[in-house]
Amino acid sequence: MTRYRLLAVDLDGTLLGPDSKLTLRTRRAMERAIQEYAVDVVIATGRRFHSARPIARDAGLTTPLVTHNGALVKDIETAAVHHYQPLDVTVARELVAIGKAFGADTIALDDPEGDGRILTDGVSERNAALRHYLEINRQYVHQVDDLQVFVKEPVTQVMFCGPCAAMQSLAQVLERDMATEARLLVTTYPHNDMTILDLMHPSCSKATGIAYVASQLGVAREEILAVGDNYNDLDMLHYAGRGILMGNAEPELKAMGFELTAPNTEDGVAQVIETYIFGQPTSLPGE
């Protein structure tokens, strides 16, 4: 069995259960991997640093945190920036213009050195999911009159959020018109009819964030074990020495041929750790 030295895990839909909490089995598996097998555990998430940091701390992790789909890597304890790939200001403003022309609800995120600001010039009444997100993060929300005019410096990302069908149509426009200027990363939740479109620096992904952390730790690519559940995890899963997809992933993702583990309702990440790090005979789906 390959000796994995780095475990890269997505948060929502992967490490966390449907209640957004870490189960006891998964927590203990990670602790044992770190303490007994000297495996570094790295969270790679689309979340903001301030949102992911408490979870990493609660899990006892010390490895730098990969946030914003790889655009920002920060120290869990000191919040020092280790690695940052912002989106060019001209590109960001053009993306906002495309979103407005499409009628999409748009936010931009900046302030990598601090807690991270959420910039918005308003969200439609019909977009309950995004309005809820802004409400629970209201201390970080900066309301502006016109987002396109306000953005005058590089930003961490531009984000569109809305119903799956509408976001799919917008994604096609972005892939057609902005493919070389910005990286489009998609996260979809069909059961909630919600899709998030993240626009990042063109060379940015969770894979680049993980590669940066691995290089700092002296870990080779083949020594990386990665687990994820969504489209924005694909680069990371392809990059890792072994990429494993959660059982709760969408059928289209499962059809891509990745190894599968159990869903996040059944401690899928714990099963991956037990099988590929501890060498225990946990039977994964398809085996």
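Visitor: Quick one to start: is E125 buried or exposed?

Guide: E125 is exposed, with a relative accessible area of 65%. The cut-offs here are under 20% for buried, over 50% for exposed and partly exposed in between, using a 1.4 Å probe and protein chains only.

Visitor: What kind of model is this?

Guide: It's a predicted model, where local features need pLDDT of at least 70 and side-chain atom pairs count only at pLDDT 80 or more, while totals for chains, interfaces and linings use all residues. Residues are numbered from 1 along each chain as its sequence is written, and side-chain values use heavy atoms, with hydrogens and water left out.

Visitor: Back to E125. Which side chain does E125 meet in a salt bridge?

Guide: That would be R131, at 3.5 Å from N to O. A salt bridge here is a side-chain nitrogen of Lys or Arg within 4 Å of a carboxyl oxygen of Asp or Glu. R131 itself is partly exposed, at 34% relative accessibility.

Visitor: How many salt bridges does the whole structure have?

Guide: The search finds 15. One of them joins E77 and R57, with the closest N and O atoms 3.9 Å apart. That pair links distant parts of the chain, 20 residues apart: E77 is in the loop between β4 (72–74) and β5 (81–84), and R57 is in helix α3 (residues 49–58). By the way, helices (H or I, at least four residues) and strands (E, at least two) are DSSP runs, numbered from the N terminus.

Visitor: And why does E77 count as partly exposed?

Guide: Because its relative accessibility is 46%. R57 counts as partly exposed too, at 42%.

Visitor: What about R138, which residue does it form a salt bridge with?

Guide: E135, and the closest N and O atoms are 2.8 Å apart. R138 is exposed at 54% relative accessible area, whereas E135 is partly exposed at 44%.

Visitor: OK, sheets. What is the strand order in the sheet of six strands?

Guide: It's an open sheet running β8-β7-β6-β9-β11-β10, with mixed pairing. Two strands pair if DSSP finds at least two bridges between them. β8 (141–143) and β10 are at the edges with a single partner strand each, so one side of each has no neighbour in the sheet. The twist averages 25° from one strand to the next; axes are lines fitted to C-alpha atoms, for helices over the stretch in contact, and angles run from 0 to 180 degrees between N-to-C directions.

Visitor: Why is β11 largely enclosed?

Guide: Seven of the seven residues of β11 (residues 194–200) are buried, so the rest of the structure largely encloses that strand. Both faces are covered, with M194, I196, D198 and M200 on one side and T195, L197 and L199 on the other.

Visitor: How do β9 and β10 run relative to β11, parallel or antiparallel?

Guide: β9 (residues 157–162) runs antiparallel to β11 over five bridges, with C161 partnering I196. β10 (residues 183–189) is also antiparallel to β11, joined by seven bridges, and V186 stands opposite L197. β10 and β11 form a hairpin with four residues between them, where D193 in the turn has a positive phi of about 50°.

Visitor: Which strands does helix α4 lie across?

Guide: Helix α4 (residues 89–102) lies across β6 (106–110), β9 and β11, at about 15° to β9. Helix α7 (residues 164–177) packs on the sheet as well, touching β9, β10 and β11, and its direction makes about 20° with that of β11. Contact means heavy atoms within 4.5 Å.

Visitor: Last one: what is the order in the sheet of five strands?

Guide: β2-β1-β12-β13-β14, an open sheet with parallel pairing. β2 (40–43) and β14 (259–260) stand at its edges. Four bridges pair β1 (residues 6–9) with β2, and L7 stands opposite V41. Helix α8 (residues 206–217) packs on this sheet, touching β1, β2 and β12 (224–228), with its direction at about 160° to that of β1.
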